[in-house]
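My notes follow in the order I made them.

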Amino acid sequence: MNTIREDYLLRLVDEFKNMSDLVILQIDLVKQLFIDKITPEKLEKIKANELELDRFEITLRSDIINSLVLQSPRATDLRRIISYMDMITDLERIGDLLYSVSKKISKINSEEKVYSHLRSDIVKLYVLATSMVKSAIASFIYENNEMARKVIDSDDEVDNLNWAIQRELFSLHNCEKSTAFIEEILSLGRIIYNIERIGDSSTNICEAVIFLTEGIDIRHTH
Amino acid sequence: MENLVEDAILRLKNVSISYTPGKNAVDNVTADIQKNSITSIMGPSGCGKTTLLRAINRMHELYPGIVTSGEILLAGKDILKMDPTEVRRMAGMVFQRPNPFPTMSIYDNVISGYTLNGIKKNNNEKDEIVETSLRNVNLWDEVKDSLTKKGTFLSGGQQQRLCIARALALKPDILLMDEPTSALDPITTTYIEDLLVELKNNVTILIVTHNMSQSARISDFSMFMYLGELVEYERTQKMFTNPSDKRTEAYLTGRIG
Amino acid sequence: MKISRYRNIKNKALYIGVIILSGLTAVPLIAILVKVILKGWRQINFDFFTQTTPTTLDAIYAINAGEIIPGGIANGIIGMLLMVLMACVIAIPIGIICGIYLAENTKSHLASIVRFLTDLLQGIPSIVVGIIIYIWVVIPMKSYSAIAGGVALSIIMLPLIVRSTEETLKMLPTTLKEAGLSLGASYSSVVFRVILPSAFGGIFTGILLAVSRVIGETAPLMLTALGSSAVQWDVTKPASSVSLLIWEFYNDPNLQNMIWSASLFLLMFILILNIFAKRISNKWRI
């Protein structure tokens, strides 16, 4: 028989899992946009999921406030609640970034020179960053601080690939001078930036996991 | 734990207390209590916290057959070797239920520490002691016109503050409090908690409490006891967010006790 | 509902039954009071309290003349007060200290023995007490005396005082003693300055009730104080008491009327004492 407090926390874990599952689904859907044909149905689905994620953030936050008020959590329970608060914000931000990537990609012509030149690199970056998200979520579900630290370290790899693609992108700026060309370059720059930010948000999630499991706050220390 | 406390007013060294031979109610407790701080002792029922508290002013000896070992140094003096009545003047105690002397007026209650001990003071000195003590507990303005009235006419919160004033009148080195607000309503409790935070600048406070939230609110240091053992002794903020011992964790999250 | 109606009837029947039975127990008391008042009030005047007992001759003259019997029971009143006072002086300090001892040591072996002996003492018939005091006090003193009477009464009072002191002290919250001790006071200081003042009401009531009990004792006084027809201030000589006088009036066919007035006096005295005791205990309730 669980106590009221344990039931409450279990419910929070369940809702968090639902939200994180949705984010993972969204990651795969957006990846489709890079690889396959972009259809309006796919875009609709992505948009609907994004609204759902926003709603999740609101309900979960109110649940967290309730549990602070009603349960007076202490020690690990307290750290868990605080970690939730951080992670939900980060998950919601990842959702926003995915949505904005999807919108920008849908506007790019897949035949365009720059895009077709850089596509495989961009997909590589995307896969790297989003696998960080999946690992970060797993490290939380299993409360595994080793996994969390590994994810934080792999952020360097994402950063390096990000810089490489950006250098490549800006080296191409002299090819043409049309507005459409410049727009494409800027858009691609934005997309790459957002993907890199997805990686950053994953490290934030991992920092919250470290706080939960080890009780120390390692933000801004690496 | 050695560096936890810099200026210790009370030192407990390997203190063990047992009511029946072979079973320790308090088991080998070693700790230093910081001067002018509020230290709380928490733990489930029967963990030995009240026994330990009462040992510090030798009140535990009211139970026949109790055996104490180890050292308790209060302001440098070994209180287990001293005359109990002298120890009790160094360590004042406030109990769970307010217990002003019912046959004495408020004035006499406050000064009772001196009169019961046969310490003579002239009227001016007595007036000063009474006024200072009552001011220290924020009771002076409320009762200054009814000092000759009996103490039992006050409300519960006022009675408890009177008891605190009575204990403080003897200018003890440490104030021992045994769940002082558990018989009072929440607003009165808050009032007294604020008072204790003020008082700690003048006297060290050691408080036994069942109420974890109270411990979190007012204490600088917290001790967690379980089955007679001192499981963890730490700054309150750290203990409540990141306890080192699993038993402390279990107690704080409501899984034991 | 049939069941609840049955229960209601049962309730009412019991209620009425209890009232009737309580009334029945009051009947003897009221009957006695009425009889005593009716027959005794005529003898009560100022002389009653200030004059000594009349002789048989005085009584015969008065009855023939149709007047009330002259004289009074002053010797009985004074003797009674003196002996009760002596009994108090002996029994109160011993009784209170015993009571304190028993209240503080509930589990000790010696305390249980003392408690048992106290209960035994309470059960000793008062005439047996009289005989014992006759042997212990009257014979060595070679005279009946008020002192002997006082000692006998003190033995009867003692267990009552011990028990009521013990019970009162037990009812005091232990935090009272703890508060006193925690201020560094010695045990005796706490007992005399905190505990006893707080228990004063209950102890005083116990004493008053013990007094009202021994006022009416006759048998032990017959063997120790013997009686006296004059007001006797010398306590080494025989003394009188109102209860003894009632016995003497009973034995004299001419002084029958005095029985009722003396009895009325005793009853009123005890009644007032009890009312006083109740008022005090209410006022001092903690």
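Entry 1. I note at the start that this is a predicted model. I looked up the handedness of one helix pair: α4(A) and α5(A) cross in a left-handed sense.

Entry 2. I listed the residues behind this contact. From α4(A) they include Leu118(A), Leu125(A), Leu128(A) and Met132(A). Among those from α5(A) are Val151(A), Val158(A), Leu161(A) and Ile165(A). Charged residues take part as well, including Asp121(A) and Lys124(A) on α4(A) and Glu157(A) and Glu168(A) on α5(A). I sorted the contact of α4(A) with α5(A) by residue class and got 15 nonpolar, 4 polar and 4 charged.

Entry 3. I then checked the geometry. Helix α4 of chain A covers residues 113-141, and helix α5 of chain A covers residues 145-171. They pack at an angle of about 165 degrees, and their axes are 10 Å apart. Because angles over 145 degrees count as roughly antiparallel, α4(A) is roughly antiparallel to α5(A).

Entry 4. I moved on to chains A and B. Their contact draws 10 residues from chain A and 10 residues from chain B. On the chain A side, helix α3 (residues 75-107) gives the most, with 5 residues. I find 2 nonpolar, 4 polar and 4 charged residues on the side of chain A that touches chain B.

Entry 5. Last, I looked at chains B and C. Here 18 residues of chain B are in contact with 18 residues of chain C. In chain B, α2 (84-90) and α3 (106-115) each supply at least two residues of the side that touches chain C. α2(B) gives the most to that side, with 4 residues. By class, I recorded 7 nonpolar, 7 polar and 4 charged residues on this side of chain B.

Technical notes
Residues are numbered from 1 along each chain as its sequence is written. Chains are lettered from A and ligands numbered from 1 in the order in which they are written. This is a predicted model: local features need pLDDT of at least 70, side-chain atom pairs count only at pLDDT 80 or more; totals for chains, interfaces and linings use all residues. Two residues are in contact if their C-beta atoms, placed from the backbone, lie within 7 Å. Axes are lines fitted to C-alpha atoms, for helices over the stretch in contact, and angles run from 0 to 180 degrees between N-to-C directions. Angles under 35 degrees count as roughly parallel, over 145 as roughly antiparallel, 65 to 115 as roughly perpendicular and the rest as oblique. A crossing is left-handed if the near helix is turned anticlockwise from the far one by less than a right angle, and right-handed if clockwise.
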